[in-house]
Amino acid sequence: MTTNPIAEKSAPAQLHPHLDLVGSDIEVPLVSGGWRRYVNLDYAASTPALVEVAARLEAFLPYYSSVHRGAGIKSQISTAAYEGARESLREFFHGRPTDTVVITRNTTDSMNLLASCLPGGAKAVAFTSEHHATLLPWGHTQGSIQYLTMPKSAGQAISALGEYLTEHPDTALVAVTGASNVTGEVWPIAELTGLAHEHGARIVVDAAQMAPHLPIDMTSLDVDYLAASGHKLYAPYGAGVLIGRADWLDSADAYLRGGGAVEFVTPSEVLWSSGASRHEAGSPNVLGAVAMATACETLANFGMERIAAEEIDLAQYARRRLGEVPGIEVYRLWEPEAPRIGVVTFNLPPYDHSHLAAILSAEFGIGVRHGCFCAHPLILELLNVSDDQAATFRAELKAGRRPRLPGAVRMSIGIGTTREDIDYLVASLTNIVEHGTSWTYAIDPTTGEFAPDPDPRPWPSLPIALAR
Ligand SMILES: Cc1ncc(COP(=O)(O)O)c(C=O)c1O
């Protein structure tokens, strides 16, 4: 009797009991010679892939094919995988059965999609502390946006929104972050959602930073829309998601126009689809969707509460330890005790943020982020940049020059981060304070960023094109 390989392959895979990450033991070269284990403290930008995600994608890849329109069995398996991913994402975020789950490219794409679906004349409101993905999409579409001054506590956020909604009862949508990508504060989503609904508005939560670190239940929170990115959820394969109420999405024009978003087309008329496909024209990112869903399944099986508990503890440790570095300036928007995810943003005068990040990479093998973190108004506020200074930067940029913009360094943690990693960052920063740098750095004219000069570090030989 011959076995049926498809039936065998489609049996549910055994979940890995641990949350291992691809590349967690990679050694990197240092400018001074020698190698050391890469200390990745840049999870808030993009997370490494879960081993489980890479393994399951590899198992699926031989069956990967076109979705939705193929009669071949691979197409049917791929379609089932794509639609299965949609349902897994709904389950992970506890979306309602009636919610539409649109596979997008990322959180930015999800927010722009929702902005394009605001009913005609609808008004949105957001705090100026938002990431640009949640700050910027609204004003350029049919709706319009009002900005609220960034609050100095969760309580202020609630009272400011309450006052605004009372004075502006025609507000249709509140756009708010779940957790800040700059200062880590976790926003009071339940209270803000309650307020929005009390005043007849809806809420969209930017869960880009919240989703990988805290459990989210859209149904019990009564959140109307949620946006998230796979690449921040240990699935860096290019998919994101928008989950939420179907009516606005079904009434709006297709976000992308083309094949897959229609029921029937004649030269004179188009009958557009409803549901997610209305906004997913073109061949979708099947592998990205499957990867994101697999990551969510893996995280849920491990337990988001468990992940959150471990990371909150580590985040508090990181803030406390970093505070011990002589001369460091650690930024926060809200009071020190406010609940936070593991994101700590700082400066270490007199070092420029770009210089400090380059030193940490070149001399210590530590990966962090630096700059304004796509939240310019928040960074200007945290660094006390005056309106006049901001106007000067703007004028310089408009004149085609490249001024050194203010910014900071951000360390961020996730699965796999240890106390040893944090201790190593603290020891490295302390070493920089006490002994200065041991290499020379110059501003790279192409990127405008500090880089080791010279940079003798060899790069790995990889079977892909690298522009260098
Ligand atoms: C809070 C927040 N919102 C939105 C985004 C945008 O995410 P993406 O780049 O995946 O669209 C980010 C990315 O850093 C973020 O941190």
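Colleague: Where does Pro-454 lie?

Modeller: Pro-454 lies in the segment that comes after strand β19, which covers residues 450-452. Before going further, please keep in mind that this is a predicted model, in which local features need pLDDT of at least 70 and side-chain atom pairs count only at pLDDT 80 or more, while totals for chains, interfaces and linings use all residues. Residues are numbered from 1 along each chain as its sequence is written. The element names that I use refer to DSSP runs numbered from the N terminus, with helices (H or I) having at least four residues and strands (E) at least two.

What marks Pro-454 is the bond that joins it to Asp-453, a cis peptide bond with omega of about 5°. Another cis peptide bond joins Pro-349 and Pro-350, with omega of about 10°, and Pro-350 is placed in the loop between β14 (343-347) and α12 (353-364). As background, most peptide bonds are trans, and most residues other than glycine have a negative phi.

Backbone angles also deserve attention elsewhere in the chain. Asp-222, which is not a glycine, has a positive phi near 65°, and it is found in the loop between α8 and β9 (225-229). Because Asp-222 has 15 C-beta neighbours inside 10 Å, it counts as partly exposed; on this scale, with C-beta atoms placed from the backbone, a residue is buried if 20 or more other C-beta atoms lie within 10 Å of its own, exposed if 12 or fewer, and partly exposed in between. Asn-384 likewise has a positive phi, of about 55°, although it is not a glycine, and it sits in the loop between α13 (376-382) and α14 (387-398). Asn-384 is exposed, since it has 8 other C-beta atoms within 10 Å.

The buried residues of α7 are Ile-189, Leu-192, Thr-193, Leu-195 and Ala-196. They cover an arc of only 160° around the axis, which means that they lie on the same side of α7; the arc is that of the directions from the helix axis to the C-beta atoms. These buried residues pack against α6 (154-167), β7 (171-177), β8 (202-206) and α8 (218-221), where two residues are in contact if their C-beta atoms, placed from the backbone, lie within 7 Å.

Val-290 counts as buried because it has 26 C-beta neighbours inside 10 Å. Leaving aside residues up to four places away in sequence, Val-290 touches Leu-57, Phe-60, Ala-81 and Ala-85. Val-290 and Leu-57 are 233 residues apart along the chain, yet their C-alpha atoms are separated by 7.5 Å.

To set these details in the whole, the protein's secondary structure comes to 15 helices and 19 strands, and its C-alpha trace spans about 70 × 70 × 45 Å along the principal axes. Of the 468 residues, buried ones make up 44%. Among the contacts with a separation of 6 or more, 70% are accounted for by residues 24 or more positions apart.
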